[in-house]
Amino acid sequence: MNDDPAPRRAQPEPPWALLAELTHGCPLHCPYCSNPIQLSSKSAELTTGEWQDVLCQAAELGVVSAHLSGGEPLLRSDLDAIVAAADDVGIHTQLVTSGVGLSRARLGRLVDAGLRSVQLSVQHADAVASDRIAGRRSFADKERAAALVRAAGLPLGVNVVLHRHNLDALDALIDLAVAWRADRIELANTQFYGWALRNRAELLPSREQLDRAEQTVRGRRAELTGTLDLVWVVPDYFDGNAKPCMGGWGAVSLTVAPDGTTLPCPAAASITGLDPPNVRDHRLAWIWNHSPAFTRYRGTTWMRDPCRSCDLREKDFGGCRCQAFALIGDAAATDPACRLSPDHALVRDLVDTGPERAPDGLGRPRRPVRRPPAARRGATGGRTPPS
């Protein structure tokens, strides 16, 4: 591990959150998965000892919360040891899981190791539709996992990625979270990166669908106050407002990928030329404070107009760097989702056209593209933010 001399620049505030992507392997094949097109192989994954060291460094840096994610983190046989390492250094852990493979015994070991909460992904409230979106039978596993988590006394969150094929089932999804006695449901409209961008034409909802969904959220949030916390993650493309990337680039959290690549956000590996550092080569403190990948778009000094002169620059930070790169090939440009972007027509025209006729922009048919079989097992050859 290199001890690089630190360039002369002010150190940022320490991060409080870590997204630990333990593996890219996953039993599900969701077409909106935000994992990269090029997956890390199982042989390249950090070892138990390396993850333990990463967590120690994270705690020293200031991290207090870690999302243990993937892929499917339950595919790691050493998951309880990773949880214990986090607990030993005072980091709160949340398991982000599909629920597939979670047994009473497995959960018991994780709780004994110090696991504090579980976030369970759900594709649809209807079992048949859920299994179709997930690419395999899994709804029963999720229902069983929810019951196990509540029986263990852990806080339960339900996470739903919303798109045109489940947005109209929002009421039923909220009812499902209530029936499963969840504490929180995150209703996250699809962010179009990785596989989701490749399948955008199939996933993009209509404006009418979103209007109905927003009305549903407002009504149900008032009804369920004190019972279920409803979190609505607004869509990128529809309202003309750019969202701050992860609270600002390199501002509050960092992501460590299965092979140790360390990123300011889960999708940042898609930016050509970013050259993200690896925890096998550098310590987390240097990566966070001084690496070019983390400092390049931190704050506002890197901005061009219209961002540089915008009153919202300290709030939205120019929007998403990964989206700017994905849509126009320039990570330093204003996010095209913003109505002030000179490239906003790319998004506006897509929304106005509607999902029935929307091209995917990638020269591919609208049939959903799934990860290739080898990639589903976590092998190199194919290609997600903490809540």
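**Notes on the predicted model: core, sheet and salt bridges**

1. **The core.** The largest nonpolar core has 102 residues, and L18 and L187 have the most contacts inside it. This is a predicted model. In soluble globular proteins, nonpolar side chains tend to be buried together. Start with L18. Leaving aside residues up to four places away in sequence, L18 touches L55, A58, V63, S65, A66, H67, L254 and V256.

2. In what order do the strands of the open sheet run? Nine strands follow the order β7-β6-β5-β4-β3-β2-β1-β8-β9, and the pairing is mixed. The edges are β7 (229-233) and β9 (262-263). Each has a single partner strand, so one side of each lacks a neighbour in the sheet. Strands of a sheet pair through backbone hydrogen bonds, either parallel or antiparallel.

3. **Strand β5.** Look next at β5, residues 156-162. Seven of its seven residues are buried. In a regular strand the side chains alternate between the two faces of the sheet. Here both faces are covered. L156, V158, V160 and L162 are buried on one side. G157, N159 and V161 are buried on the other.

4. **Neighbours of β5.** Which strands pair with β5, and over how many bridges? Strand β4 (residues 117-122) runs parallel to β5 and is joined to it by five bridges. Within that pairing, Q119 stands opposite G157 of β5. Strand β6 (residues 184-189) also pairs with β5 in the parallel sense, over six bridges. There V160 has L187 of β6 as its bridge partner. L187 is one of the two residues with the most contacts inside the largest core.

5. **The crossover.** The chain passes from β5 to β6 by way of helix α6 (residues 170-179), and the three elements make a right-handed β-α-β unit.

6. **Strands β1 and β8.** Four bridges link β1 with strand β8 (residues 253-256), and the two run parallel. A20 has V256 of β8 as its bridge partner. V256 is also among the residues that L18 touches.

7. **A buried salt bridge.** The structure holds 16 salt bridges. One of them joins D78 and R76, with the closest N and O atoms 2.8 Å apart. Is this pair buried or exposed? D78 has 12% relative accessibility, so D78 counts as buried. R76 counts as buried too, at 6%. As for location, D78 is in the loop between β2 (65-69) and α2 (79-88).

8. **A salt bridge from loop to helix.** D168 and R212 meet through their side chains in a salt bridge (3.1 Å, N to O). D168 lies in the loop between β5 and α6, and R212 in helix α9 (residues 207-223), so the pair ties together parts that are 44 residues apart in sequence. D168 is exposed, with a relative accessible area of 54%. R212 counts as partly exposed, at 43% relative accessibility.

9. **A salt bridge from helix to helix.** R220 and D171 form another salt bridge, and their closest N and O atoms are 2.6 Å apart. R220 belongs to helix α9 and D171 to helix α6, so this pair ties together parts that are 49 residues apart in sequence. The link is part of a wider set. Salt bridges with shared partners join D171, D175, R220 and E223 into one network.

10. **A proline in a loop.** P31 is found in the loop between β1 (17-21) and α1 (48-61). P31 is buried, with 7% relative accessibility.

11. **Helix α13.** Which residues of α13 (residues 321-328) are buried? They are R321, C322, Q323 and A324. Just after the helix, G329 takes a positive phi of about 80°.

Key:
Residues numbered from 1 in each chain as written. Predicted model: local features only at pLDDT ≥ 70, side-chain atom pairs only at ≥ 80, totals over all residues. Heavy atoms only, no water. Buried < 20%, exposed > 50% of the residue type's maximum accessible area, 1.4 Å probe, protein only. Pairing = 2+ DSSP bridges. Right-handed = clockwise from strand over helix to strand, strands pointing away. Core = buried A, V, L, I, M, F, W, Y, C linked by side-chain atoms within 4.5 Å. Contact = heavy atoms within 4.5 Å. Salt bridge = Lys/Arg side-chain N within 4 Å of Asp/Glu carboxyl O.
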